[in-house]
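Hello,

Here is the structure for you to take over.

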Amino acid sequence: MALIAVGANFRTAPVEVRERFVYPAAEVPSVLSRVRAAGAKEAALLSTCNRTEFYLVESDGVAVQTIWKELSERLGDDARRFGYVRRDREAAAHLFRVASGLDSMILGEAQIQGQVRDAWEASRSQSGTALNRLFQTALSVASRVRTETDVGRGAASVSSAAVQLARQIFGSLRGRRAMVLGAGEMAELALQCLKAEGVNAAIVANRTYERASELAELHGATAINYDACWSALSDVDLVITSTAAPHAIVRTEHIAPTLAARGDRPLCILDIALPRDVDPEVRALGNVYLYDLDDLRSVVAATLGRRQDEVPSAEALLAGEVERYWTWLAGLASVPVLTTLRSEMDRVREREVADALRRLGHLSPADRETVEHLSHSLMNKFLHSPSVRLRAAAANGRGLGVADAARYLFALDGPAEGSPKLPVDPPAPGEEDRA
């Protein structure tokens, strides 16, 4: 069996493609069920604003093709040209980098660790031993990277990067008025950043007024009903949108009627949602400046600073964890033959001991127990070195040949069809599978 990661992220796909690949939490079990039906032994899905990635344990690659077909249907085009495939060690390393914030648009961002945890929980019904251990290790690695290196020190979030972009546009946000559409984690972070920049008034609009009111009270803002937010647009300088809507909720007909009342004051809209909250046609309106996730890259590039210097230390930590995970995973392939070998040897031991004890009827119960103990001890000693070496061979990528040799030498019925295949080493750097 191979460990595979397949998907697309902000480096390989623009925002208009990534938003087509987003899977709401409610859709995760059904899509993973389809992937499992195509041949994956285990499957998990991570879908955020910057990436959609499937993690699989499979043997023949059919499930990978099913994923490309699934994504292509959502896109209406060949999704493979926007994606990538990582295999085995490189797949494990990829998830560890993702969870640690090393593969984020915002280097060292903290939110991704929670998103990886949520993705694992949403996928548990379709994951299994290998992926559960993979995600557990990824979360542990992420915690170590944040506590043992400075990659996460002062790390920006998407929300803070958006506010920084707004500050570049206006020069200063002190005294400005802002509206936040949404009341989730990203919206809350945006409110915190706006307050820190001296924004005088912040308005929270959300479809659930109670949640908007709760968030506004917590951060000294004002809550309004979602339906009333459009009329309030004439009074704000900045709008940050971060909702979970599956389609654009801010369109030209919402904004155009407020432009006359604004006079010559520009309106800056920062759309940090995926799928995007704002219809791209809004860009055509006069004195309205719309920015999305991909527009944040220039801001992000200027905020790396000390965090970039910490990447080598984080990568070294990560490499050790990859090897530990890989040794454990590769060792799983030795389990079936070791289990069969021990079972067969124990059967032979029991038969021979029973035969010997029948011929040694004069032995006392204590002596019989000694003979039984001796037989167990000898069997364990005989099997110790083969067990250790088979596990070591699996960890070094030679386990399948050694396992087959063990089956042949000990007459263990030959290699069972459909038995677990050992993972193989990943391709050389730069040779990873791409569409």
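Phe 54 is buried, with a relative accessible area of 0% (buried means under 20% relative accessible area, exposed over 50%, partly exposed in between, with a 1.4 Å probe and protein chains only). Tyr 23 is buried too, at 4%.

This is a predicted model, in which local features need pLDDT of at least 70 and side-chain atom pairs count only at pLDDT 80 or more, while totals for chains, interfaces and linings use all residues. Residues are numbered from 1 along each chain as its sequence is written, and side-chain values use heavy atoms, with hydrogens and water left out.

Aromatic rings

A search of the whole structure gives 5 aromatic pairs. Rings of Phe, Tyr and Trp (its six-membered ring) pair if their centres lie within 6.5 Å; planes under 30 degrees apart count as stacked, over 60 as edge-to-face and the rest as tilted.

One of the pairs is Tyr 23 with Phe 54: the ring centres are 5.9 Å apart and the planes are at 85 degrees, so this pair is edge-to-face. Tyr 23 is in the loop between α1 (15-21) and α2 (28-37), and Phe 54 is in strand β3 (residues 51-58), so the pair ties together parts that are 31 residues apart in sequence. Helices (H or I, at least four residues) and strands (E, at least two) are DSSP runs, numbered from the N terminus.

Phe 96 and Tyr 325 make another edge-to-face pair, because their ring centres are 6.4 Å apart and their planes are at 75 degrees. This pair links distant parts of the chain, with Phe 96 in helix α4 (residues 89-100) and Tyr 325 in helix α15 (residues 311-332), 229 residues apart. Both residues are buried. Together with Trp 328, Phe 96 and Tyr 325 form one aromatic cluster.

Two arginines lie over rings of these groups. Arg 74 is over the face of Tyr 23, 3.8 Å from the ring centre, and Arg 133 is over the face of Trp 328, 4.4 Å from the ring centre. A charge sits over a ring if NZ of Lys or CZ of Arg is within 6 Å of the ring centre and within 35 degrees of the ring normal.

Cysteines

The search of the whole structure finds 0 disulfides (a disulfide is a pair of cysteine sulfur atoms within 2.5 Å). For Cys 49, the nearest cysteine sulfur is that of Cys 193, 15 Å away. Cys 49 is buried, with a relative accessible area of 16%. The sulfur of Cys 268 is 15 Å from the closest cysteine sulfur, in Cys 193, which is too far for a bond. Cys 268 counts as buried at 2% relative accessibility.

Regards
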